2 protein chains.
Amino acid sequence: MPPTIYDIAKKAKVGIGTVSRVFNNHPSVSKETRNRVLHFANRMNYHPHPYARGLASKRTNSILAVIPYFTTFFFIEILQAVQAILAESNYDLILHGVTHPEHVEGMLRKNTVRGRVDGMLFLSLKMPKKFAHEYVNSHVPVVLVDTYHPDFDSFTVENVKGASIATKHLISLGHRRIGILNANLESTPAQERLQGFKSALKEAQIPMEQCLIKHSTSVRLDGFTHEDGYGLMKQFLALGTKKPTAIFVTSDIQASGALQAMEETGIRCPEDIALIGFDDIELARHIGLTTMRQPMSEMGTLAVQRLFERMKNEKLEPIFRTFLPTLVVRRTSELISSREVNQQGTRPIRTVVQTTN
Amino acid sequence: MPPTIYDIAKKAKVGIGTVSRVFNNHPSVSKETRNRVLHFANRMNYHPHPYARGLASKRTNSILAVIPYFTTFFFIEILQAVQAILAESNYDLILHGVTHPEHVEGMLRKNTVRGRVDGMLFLSLKMPKKFAHEYVNSHVPVVLVDTYHPDFDSFTVENVKGASIATKHLISLGHRRIGILNANLESTPAQERLQGFKSALKEAQIPMEQCLIKHSTSVRLDGFTHEDGYGLMKQFLALGTKKPTAIFVTSDIQASGALQAMEETGIRCPEDIALIGFDDIELARHIGLTTMRQPMSEMGTLAVQRLFERMKNEKLEPIFRTFLPTLVVRRTSELISSREVNQQGTRPIRTVVQTTN
DNA sequence: CTGAAAGCGCTAACAC
DNA sequence: GTGTTAGCGCTTTCAG
């Protein structure tokens with residue numbers, strides 16, 4: 001049986017209250033008694049029981065991260081940043097990957113309303129109305145990432161602008177027949193990226209062609225998958241002479257599928273069709289994919305920091321912070337004419353990060 | 001203030017014990033009262049407080065996963081399987097990525113000894129002696145994954161055999177000058193894979209050449225990184241005529257770096273140098289890398305299942321289960337002579353999984 | 001500065 | 001079957 005506060009109180013010849021104060025860094029403990037308590041606590045290897053503490057104090061020292069599908073790179077990279085900060089602050093990270101959107105509500109009720117955690121990071125999912133209301137009233141600290149709700153702090157990516165920058169990049173390379181390989185239009189990012197794509201074309205006065213606009217109808221991961229990229233690219237390649245010369249693909253993972261389809265068909269990239277992705281997951285670097293980098297690590301960091309602030313200060317006005325993706329130029333959008341050639345006649349993979357305004 | 005067991009007991013005109021029994025599926029509650037309780041509980045949106053429950057019952061309904069470096073694909077894929085099972089069973093997953101091995105002890109003490117969790121999954125880290133002893137004595141359920149200790153259930157990969165199979169695959173393709181691009185030899189998997197490599201060469205009576213054996217000295221992720229693969233491959237390529245015709249790379253992520261180095265230098269794969277990796281992370285499929293597949297999902301699943309068993313039944317004898325990696329043949333080890341060529345003159349990416357004995 | 005006492009919300013005997 | 005009661009280990013007044 002691990003020692004309790006009583007055991008160490010007895011040894012140190014003090015009341016349990018004093019022991020408690022010591023472990024909560026309460027100022028009104030004499031240095032002397034404090035040291036004595038610490039001494040015995042240490043000797044007996046005492047550690048406060050988190051649940052007892054949680055029950056009595058209503059603080060749990062842990063936060064909940066709710067993410068869709070546990071597996072995606074995007075979330076992994078965000079959570080990595082989150083976890084780093086939490087570890088420093090002695091907080092636990094509880095992770096809930098929701099597979100079916102309809103599971104969200106039950107999970108929320110169980111975990112947040114009943115003092116399971118001190119705060120919640122809610123990523124990429126629609127916050128149910130019912131809960132939005134309840135959280136605001138009951139002061140449960142919530143921070144949203146990659147999703148928006150007026151009543152909460154939100155950290156989101158500027159998908160529209162990002163898509164527009166991506167498209168303009170292709171235009172600046174001289175492309176005029178530009179396609180978009182999109183995910184499922186049910187998802188907000190997919191909608192926004194389509195919008196950015198269209199606006200860029202419009203601005204450049206390039207007419208839109210319906211056959212160059214393709215999107216996934218798959219529900220799995222909202223179509224942000226290798227397979228969807230592969231399949232849709234096959235459709236593009238079947239277009240014959242009406243093929244685009246460049247394509248904006250709405251995620252790196254789809255782009256990797258698209259590249260595979262091209263390789264199989266003998267269509268070269270960027271010579272025949274240039275490609276630009278979205279996300280800048282690690283994979284993008286490995287396959288030399290030009291893409292729009294989302295500042296995942298930064299978003300994760302800022303989101304937790306904000307959550308901590310909110311946990312300290314009940315009533316902060318919600319802030320809405322937005323991140324602009326950055327253009328990262330790699331091989332799949334190299335300008336053919338200016339391409340560097342080395343001794344062996346091959347192209348080096350290199351990464352150029354451009355700061356966009 | 002959320003309703004407590006007292007609130008709903010009052011409404012339902014029963015004692016709190018009865019309410020408690022209802023929520024713990026205790027058999028001795030009449031169907032009638034049970035329904036009445038449930039009715040009011042539902043109406044008042046009652047949910048038991050996890051911490052109060054944990055304090056009183058000594059069960060927390062959550063398990064801890066301790067992993068090194070939060071980011072690696074290998075762990076992500078294992079945890080994905082873990083999380084899937086936990087979600088079904090209504091358990092919470094608490095995640096601790098340890099960045100510095102010396103942090104392990106403090107973390108362990110804080111979380112497991114004091115009833116923070118019901119059980120622990122311990123991945124890829126050395127279990128400190130002190131704790132091994134303590135856990136066994138205090139009956140804390142622990143299951144190890146990708147690491148071994150005689151006192152606990154362990155699920156590990158047969159690195160030696162896997163490496164041997166990989167090497168034999170290259171030999172069977174006709175290669176005789178075979179190199180190994182290894183991670184940091186400090187790490188156990190690196191040692192074991194080197195051992196398997198050597199034994200396969202020996203068995204085939206191929207003399208070993210020191211210049212074909214290279215390993216990382218980097219500490220970051222024990223050298224299992226893209227950068228290390230890139231750097232070491234550059235060294236191989238500098239070997240000139242003494243270059244190997246095939247290389248066993250000890251992880252997919254290193255192989256991706258190696259491939260990049262080859263591309264930059266104009267060395268073709270598999271024509272000039274064939275490659276085989278280890279892991280079969282998602283990336284491997286995307287870049288057409290032949291590799292040894294580790295059954296990560298299966299390991300994760302079996303590990304939690306075993307953990308659950310152990311949580312139910314205090315005193316089980318530790319089991320030691322081992323997984324044999326499977327050869328997955330893709331483009332980087334294609335047999336040049338028998339390669340399929342399609343109309344466009346390009347090679348299709350295809351995956352062949354071979355069952356090995 | 002410190003001890004005593006009253007809970008936090010629930011579980012688990014123990015009676016009836 | 002069901003109510004009652006004593007904790008689980010800690011925090012937090014309230015006195016002194």
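Q: Which helices each supply at least two residues of the surface near DNA strand C?
A: In this predicted model, α2 and α4 (50–57) of chain A, together with α2 (16–23) and α4 (50–57) of chain B, each supply at least two residues of the surface near DNA strand C.

Q: How many residues surround DNA strand C, and which are the closest?
A: There are 25 residues around DNA strand C, and the closest of them are A:Gly15, A:Gly17, B:Ile5, B:Ser20 and B:Ala56. By class, the residues of this surface divide into 12 nonpolar, 12 polar and one charged.

Q: Back to α2 of chain A: at what angle does it pack with α3?
A: Helix α2 (residues 16–23) of chain A packs with helix α3 (residues 31–43) of chain A at an angle of about 90 degrees, and their axes are 10 Å apart. The two helices, α2(A) and α3(A), are therefore roughly perpendicular to each other.

Q: Which residues make the contact?
A: From α2(A) they are A:Thr18, A:Val19 and A:Val22, while α3(A) brings in A:Thr33, A:Arg34, A:Val37 and A:Leu38. Sorted by class, the contact of α2(A) with α3(A) consists of four nonpolar, two polar and one charged residues.

Q: Switching to the sheet, what is the strand order?
A: The sheet is open, with 12 strands in mixed pairing, and its order is β11(A)-β5(A)-β4(A)-β3(A)-β1(A)-β2(A)-β2(B)-β1(B)-β3(B)-β4(B)-β5(B)-β11(B).

Q: Why is one side of each edge strand left without a neighbour?
A: The edges are β11 (320–323) of chain A and β11 (320–323) of chain B, each with a single partner strand, so one side of each has no neighbour in the sheet. Between neighbouring strands of this sheet the turn is 20 degrees on average, with direction ignored.

Q: In what sense do β1 and β3 of chain A pair?
A: Strand β1 (residues 62–68) of chain A pairs with strand β3 (residues 119–123) of chain A in the parallel sense, over four bridges. A:Leu64 stands opposite A:Met120 in β3(A).

Q: Which strands does α5 of chain B lie across?
A: Helix α5 (residues 73–88) of chain B lies across β2 (92–98) of chain A as well as β1 (62–68), β2 (92–98), β3 (119–123) and β4 (142–145) of chain B, and α5 runs at about 175 degrees to β1(B).

Key:
Residues numbered from 1 in each chain as written. Chains lettered and ligands numbered in written order. Predicted model: local features only at pLDDT ≥ 70, side-chain atom pairs only at ≥ 80, totals over all residues. Axes fitted to C-alpha atoms, helices over the stretch in contact; angles between N-to-C directions. Parallel < 35°, antiparallel > 145°, perpendicular 65-115°, else oblique. Contact = placed C-beta atoms within 7 Å. Nonpolar A, V, L, I, M, F, W, Y, C, P; charged D, E, K, R; others polar. Near = placed C-beta within 6 Å. Pairing = 2+ DSSP bridges.
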